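Good morning, colleagues. Please take a moment with the sequence and the structure before I turn to the details.

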Amino acid sequence: MPNTLIVGIDISSQSNSIFFVDDAGNHLIKKPFSLPNDQQGANELIQRVINCLNQYNLSFVKFGMEATSHYTWHLHLHLASSSELLPYKPTFYVLNPSIVKGFKKIYTFLPKTDNIDAIIIAECVRFSKLNPTPLPDFKYAALQRLTRMRYHLVHNLTREKNRALNLIYLKFSTYSQDCPFSDIFGKASVAIIENFTPDDIASMPLEDLIKFVSHNGNNRLSDVNKIAEILKTAANRAFRLHPLLAEANDLALSMTLENIRFMQEQLKKLDKEISKLLKAFSQTLTTIPGIGDVLAAGIIAEIGDIKRFKNEAALAKYSGLVWTQYQSGNFNAQDVSLVKCGNQYLRYYLVEAANCVRVHTVRYKAFYNKKFSEVTKHQHKRALVLTARRLIPLIFAMLSKGQIYEERGDVYNT
């Protein structure tokens with residue numbers, strides 16, 4: 001006899017499509033209905049759910065909803081905090097869209113509408129052996145907001161730098177390849193790019209150029225004479241930009257460099273705040289050489305409570321650091337790709353951590369070099385991702401048991 005109401009909710013920014021079914025598969029309403037995606041709509045949903053539970057004498061309720069970016073957040077928390085629903089022991093299933101999409105293939109010739117999707121979500125919860133989705137831990141959620149903001153800021157900064165490099169090439173075609181500075185976007189380098197054309201540098205007395213470079217390098221640059229000579233040589237080799245394009249290109253370059261400076265300042269502020277929030281966590285990841293506050297915070301924010309994961313393999317799957325398998329008969333493919341799923345933010349921070357750790361530790365450096373030498377294509381990318389996967393058991397152990405890193409490869413309890 002049915003005893004559970006299953007509520008399928010297809011969420012969008014302004015409205016939610018909702019359907020009721022019981023655990024025996026009986027449709028308890030004729031067709032899905034729609035409610036606003038706001039507090040009033042959520043309160044009305046609660047009343048309709050309670051009325052349905054009473055009407056059909058059901059004891060429990062399950063809510064299924066697709067993970068549609070941030071639109072799920074408020075409704076999930078509002079329903080979970082409802083005292084009216086508490087006697088019915090509500091459980092929540094926030095489903096990955098790929099799960100819903102895959103489950104929908106069972107039902108052939110279905111249109112793509114919100115009403116149909118609400119039914120599919122309800123049936124997916126009814127049939128699938130899914131683990132309930134826990135409520136977010138606000139301590140982790142706050143840190144996650146900042147580390148994800150940093151992820152997007154870094155990617156935007158990279159795009160802006162690539163745009164700047166294109167504009168720099170038009171202005172000074174040999175600069176990128178002959179740049180004598182360790183950072184093309186460092187203070188002294190940007191001062192050269194913004195203030196001089198190749199003609200200016202080529203005609204400038206060497207002593208004046210040396211003085212300019214030294215001043216903008218805060219008198220910290222080594223061998224300023226050589227830097228000036230390299231700039232002179234590069235200026236003589238460079239193409240000259242047509243005067244009709246030069247002014248527009250200079251304006252675009254100046255604005256792009258200003259954007260870069262702004263983003264770099266934002267990144268510094270964000271890193272300070274991330275470090276401040278990280279102090280609230282008892283963690284040992286920063287004892288791993290190469291992993292600082294930002295990388296540790298990014299990993300911790302996305303993992304959350306490590307007890308959510310049965311083992312390190314489950315954590316690897318969650319991060320998307322697992323590979324597809326292709327096997328047919330006696331053939332078993334060796335060159336396979338990463339699965340196209342998992343938490344992209346966690347994967348990013350793990351790969352960034354691996355890139356730092358392999359520089360500072362013996363065993364991960366050896367592993368990286370071994371994997372690098374195994375192939376002739378995509379060597380660095382492949383070796384880095386494999387090193388990130390190798391790092392997961394260590395991270396899982398340290399977060400699970402409060403252990404610290406020791407260079408010989410051992411870990412000890414704190």
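Let me start with Q283, which counts as buried because its relative accessibility is 19%, and buried means under 20%. Please bear in mind throughout that this is a predicted model. Q283 is located in the loop that runs between α11 (243–278) and α12 (293–303). Which atoms does the side chain of Q283 meet? One of its polar atoms lies 2.8 Å from the backbone nitrogen of L285, and a polar contact of 3.3 Å links the side chain of Q283 with that of T286. If we set aside neighbours within four places in sequence, Q283 is in contact with L278, A296 and I300.

I turn now to the aromatic residues. The structure contains 12 aromatic pairs. One of them is F103 with F127: the ring centres are 6.3 Å apart and the planes stand at 35°, so this pair is tilted. F103 belongs to helix α3 (residues 97–104) and F127 to helix α4 (residues 114–127), so the pair ties together parts that are 24 residues apart in sequence. F103 counts as buried, at 10% relative accessibility. Another tilted pair is formed by Y368 and F372, with 5.9 Å from centre to centre and 40° between the planes. These two residues are four apart in helix α15 (residues 362–372), and they are therefore separated by about one helical turn. Y151, Y345, Y348 and Y349 form one aromatic cluster.

Charges also sit over rings. K139 lies over the face of F281, 4.8 Å from the ring centre, and the charged end of R308 is placed over the ring of Y318, at 5.3 Å from its centre.

Not counting residues up to four places away in sequence, F181 touches several residues, including Y175, I192, V213 and L231. After α9 comes N218, with a positive phi near 55°.

Finally, the salt bridges. How many does a search of the whole structure find? It finds 17. In one of them, the side chains of D117 and K104 meet at 3.2 Å, N to O. D117 lies in helix α4 and K104 in helix α3, so this pair ties together parts that are 13 residues apart in sequence. Both D117 and K104 are buried. R126 and E123 form another salt bridge, with their closest N and O atoms 2.9 Å apart. Being three residues apart in helix α4, they are separated by about one helical turn. Here R126 is partly exposed, at 24%, while E123 is buried, at 6%. R389 pairs with E312 in a salt bridge whose closest N and O atoms are 3.1 Å apart. R389 lies in helix α16 (residues 379–401) and E312 in helix α13 (residues 312–319), so parts that are 77 residues apart in sequence are tied together. Salt bridges that share partners also join K370, K371, E374 and R382 into one network.

Methods
Residues are numbered from 1 along each chain as its sequence is written. This is a predicted model: local features need pLDDT of at least 70, side-chain atom pairs count only at pLDDT 80 or more; totals for chains, interfaces and linings use all residues. Side-chain values use heavy atoms; hydrogens and water are left out. Buried means under 20% relative accessible area, exposed over 50%, partly exposed in between (1.4 Å probe, protein chains only). A polar contact is a pair of N or O atoms within 3.5 Å; within protein, one must be able to donate a hydrogen and the other to accept it, and residues adjacent in sequence count only if both atoms are side-chain atoms. Contact means heavy atoms within 4.5 Å. Rings of Phe, Tyr and Trp (its six-membered ring) pair if their centres lie within 6.5 Å; planes under 30 degrees apart count as stacked, over 60 as edge-to-face and the rest as tilted. A charge sits over a ring if NZ of Lys or CZ of Arg is within 6 Å of the ring centre and within 35 degrees of the ring normal. A salt bridge is a side-chain nitrogen of Lys or Arg within 4 Å of a carboxyl oxygen of Asp or Glu.
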